[in-house]
Structure formats: C-alpha cells, structure tokens
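Q: I'd like to learn how to read helix packing and strand pairing in a model. Could you walk me through it?

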Amino acid sequence: MSATHANLSPAEANARQRAPVALRCACGRALPLRRNELLCVCGRNLGARQDGLWRIGQPAPYWGEVEEERMADLLSVCRRRNWRSAAKKVLPELAGYLLDARRAAFIEVLPLPPGRRLLEIGAGMGAISAELARDYDVVAMEGVRERAEFLALRAAQDGLERLQVICADWHLIRFAPSQFDGIIMNGVLEWVGLGDRAGSPRAAQLRFLRRAREWLAPDGVIYLAIENRFGLPVLRGSRDHSGLPFTSLLPRWAARLACAFWAPYRSGANRGYRTYTYSYGGYRRLLEQAELKIEQSYVCPLGYNLPVGLMPLHPAALRFQKARRGMARGILWRAARRRLNWVWLYRALGGDFAFVLSAASPASVVALPSGERNDA
Ligand SMILES: [Zn+2]
C-alpha cells in the first residue's frame with residue numbers, strides 16, 4: 001500500500017472522525033448528514049432522516065431474500081417486538097444468516113484499525129454493517145426501502161450509535177469525495193447493471209467502481225467479494241444470477257439470448273443478461289480500467305457470505321496460511337513446487353473471490369480500449 005493508516009497523525013485521524021459524512025449536491029456543495037434534512041442553499045432537497053433512516057431519492061424496486069409480503073410481516077413484527085425474535089419467528093430459515101457475526105469476518109484481512117469510517121454499499125439486512133459498527137463508524141447504504149427499514153430498526157434496537165443507515169440507490173447517490181477509509185462491496189458489483197441500464201453492464205460496473213474510488217480516502221481500501229464466472233460451483237451447475245445454471249459460462253450474447261426467453265429473476269429489471277461476473281483475469285482488467293489496484297486477492301473457501309479462512313492467491317501467502325493452520329511441515333515442503341500450480345488452480349476454479357483494492361496512482365494505470373472487449 002502506498003500510504004498506510006499508521007501514517008495518519010492523531011489530529012488528522014480525529015478530524016476525519018469528527019467531520020460528519022456529507023453528500024454532494026448537484027450544485028457542487030457538500031451537505032453533511034447532521035440535521036434531519038438535506039436542504040441545499042441552491043434550493044435542492046436531497047432527502048431527509050426519519051425514524052433513524054436517511055431517505056435519499058427514490059428507493060429501488062423491491063427484491064430480496066424473501067417475498068415482499070413476508071418482508072412486510074417481518075417489519076410489522078419487528079416494530080412490536082425485538083428484531084431478533086421477529087426474525088426467528090417470521091424468517092426462521094434466514095435467522096442464522098441474519099445473526100451470524102462471521103459474515104463480517106473478512107475485516108481481519110483489511111488494514112483498517114478500529115475507529116475508521118466505513119461505507120457498505122448494498123448492505124441488505126445488515127449482518128455485516130451491524131457487526132462492523134461495534135468497532136467502526138459505519139454508513140450502511142441499501143437501495144430497497146424494506147431492507148433499509150429493517151436495518152434501521154436493528155440499529156435502533158441494538159443501540160448501534162455508530163451505524164448510519166441510508167436508503168438510496170447506489171448509482172444515483174453522490175457522496176462528497178474522499179470520505180471513507182474502507183468501502184465494502186459484498187456481492188454487489190454483479191447486480192450493478194440492473195439498476196444502471198445505460199450501456200453495457202460492464203460500462204455500468206466501471207462507473208460504479210470509479211465512483212467508489214472517488215469516495216475513498218487517499219489511503220483507504222475497498223473490499224470487493226464476488227463470484228468467479230468460471231468457478232467450480234458454476235461448472236457444477238449452481239444457479240447463476242440470472243436464475244439459470246451455466247449462463248455465466250456462455251458468451252455474453254448467448255447468455256442474453258437465453259435470458260430473453262426466461263422469466264425475470266429476483267427483479268422485474270433483470271431482463272436480458274446484465275449480471276456480469278468475470279474470471280480472475282477479467283476482474284484484474286476491469287479493476288485496472290477503474291484505476292483500482294489489487295493489493296491482495298483471496299479465494300473464499302466457504303463462499304463470500306461466510307468469509308472465514310480466506311485463502312490468499314499468492315504463493316508465499318498461501319504457504320503462510322497453511323503453516324498457520326498447523327499442517328505438517330514435511331507435507332508443506334514436499335508440495336512447495338506444486339503450490340505455485342495451486343494458485344493457478346484457485347484462480348481458475350475458485351468459487352468466490354475477495355479483493356482488497358486501493359486507488360491506483362494514475363501513472364500506473366494501463367490504458368485499455370473501452371467497450372465490450374476484455375470482458376472474459
Ligand atoms: Zn445545491
């Protein structure tokens with residue numbers, strides 16, 4: 001990393017913590033999330049805070065882990081009793097997923113000391129943001145109103161004072177630049193093309209990544225977790241984001257054709273194939289084009305929704321990880337040469353990747369042609 005957090009003076013660190021999170025108005029002014037409304041002197045109204053929830057612009061159409069009616073049930077039970085018991089009563093099959101603190105276990109691999117300011121984009125029902133808000137100042141952004149309301153109730157009932165919840169569509173909201181020490185994108189980038197339909201899904205993903213880069217503090221990091229387009233689970237026929245198996249393996253045009261004849265999955269907006277995932281090399285090219293530098297990359301052995309035991313995709317780091325787990329030294333040394341191939345194998349077939357990214361200095365960015373090329 002070019003600059004580390006240890007280089008921040010205590011005064012700088014305090015100043016960053018004290019300054020409230022701010023949005024940027026279309027006129028260019030910064031509006032801090034301080035009072036309960038965001039009225040700019042230029043006359044624009046960016047949104048307001050109500051029942052512990054910032055509402056910025058129009059929410060995204062409903063989609064989520066459960067059907068809309070059950071979500072409405074959950075919210076009404078949450079308001080009458082504790083969200084935990086409500087989740088166990090209304091969504092017993094999801095209660096574990098909502099309550100599991102290990103959803104945020106990836107924080108171990110990020111160079112972010114407690115007290116920093118994080119943004120989670122696409123926070124969903126908040127398992128990650130709620131856990132991280134114990135040690136960090138967290139802004140949780142979620143486009144679907146119901147899920148954002150659930151998260152706001154959760155924050156209020158658990159007394160999570162360091163968690164701010166914003167209901168906003170990620171491709172419409174503008175934060176003032178350079179405010180976040182860490183930005184979390186857990187299973188989000190693949191969906192970006194559904195909300196932002198201008199041009200190709202890849203172009204939308206590039207816009208999204210560049211925007212996140214703009215919101216990142218100069219020494220900040222982005223954590224990006226996402227599926228491998230050609231990973232073993234996909235090859236075995238697990239459902240792609242289209243709702244169909246094998247669509248990520250197809251050329252994009254063939255995937256679009258396949259999805260044109262199928263009922264939309266998860267969202268009325270999911271017509272055609274707009275949920276692009278990539279190979280390891282494809283992510284590297286996409287991120288390079290977004291002027292982001294891969295500081296570290298991992299395979300998630302249990303999937304990115306259970307990010308424990310992340311395996312670094314670097315020979316030396318893999319060796320370290322294995323040794324730490326107490327594998328026999330003899331076996332390690334014997335496999336020393338093979339391990340180089342393991343990295344290749346994990347990159348080729350690993351199910352989910354996790355990347356730690358920093359803003360690349362402009363000089364190190366290789367110019368790539370724009371458009372549909374390089375999307376393997
Ligand atoms: Zn303004």
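The dialogue below takes up helix packing, then the sheet.

A: Happy to! Keep in mind that this is a predicted model.

Q: What is the angle between helix 3 and helix 4, and how far apart are their axes?

A: In general, two packed helices are described by the angle between their axes and the distance between the axes. Here, helix 3 (residues 83–90) packs with helix 4 (residues 92–99) at about 140 degrees, and their axes are 6 Å apart. The two helices are therefore oblique to each other.

Q: Which residues make that contact?

A: Helix 3 contributes Arg84, Ala87 and Lys88, while helix 4 brings Pro92, Leu94, Ala95, Leu98 and Leu99. Six of the contact residues are nonpolar, two are charged and none is polar.

Q: Now the sheet: what is the order of its strands?

A: As a general idea, strands of a sheet pair through backbone hydrogen bonds, either parallel or antiparallel. In this model, eleven strands form an open sheet with mixed pairing, in the order 3-4-5-8-7-6-9-10-13-11-12. Its edge strands, each pairing on one side only, are strand 3 (37–39) and strand 12 (311–312).

Q: In which sense do strand 11 and strand 13 pair, parallel or antiparallel?

A: Strand 11 (residues 292–299) and strand 13 (residues 352–359) are antiparallel, with seven bridges. To see one of the bridges, find Val299, whose partner in strand 13 is Phe353.

Q: Where does helix 11 lie?

A: Helix 11 (residues 280–289) lies across strand 11 and strand 13, at about 20 degrees to strand 13. Helix 8 (residues 201–215) also lies across strands, among them strand 10 (216–227), to which helix 8 runs at about 145 degrees.

Note on methods
Residues are numbered from 1 along each chain as its sequence is written. This is a predicted model: local features need pLDDT of at least 70, side-chain atom pairs count only at pLDDT 80 or more; totals for chains, interfaces and linings use all residues. Axes are lines fitted to C-alpha atoms, for helices over the stretch in contact, and angles run from 0 to 180 degrees between N-to-C directions. Helices (H or I, at least four residues) and strands (E, at least two) are DSSP runs, numbered from the N terminus. Angles under 35 degrees count as roughly parallel, over 145 as roughly antiparallel, 65 to 115 as roughly perpendicular and the rest as oblique. Two residues are in contact if their C-beta atoms, placed from the backbone, lie within 7 Å. Ala, Val, Leu, Ile, Met, Phe, Trp, Tyr, Cys and Pro count as nonpolar, Asp, Glu, Lys and Arg as charged, and the others, Gly among them, as polar. Two strands pair if DSSP finds at least two bridges between them.
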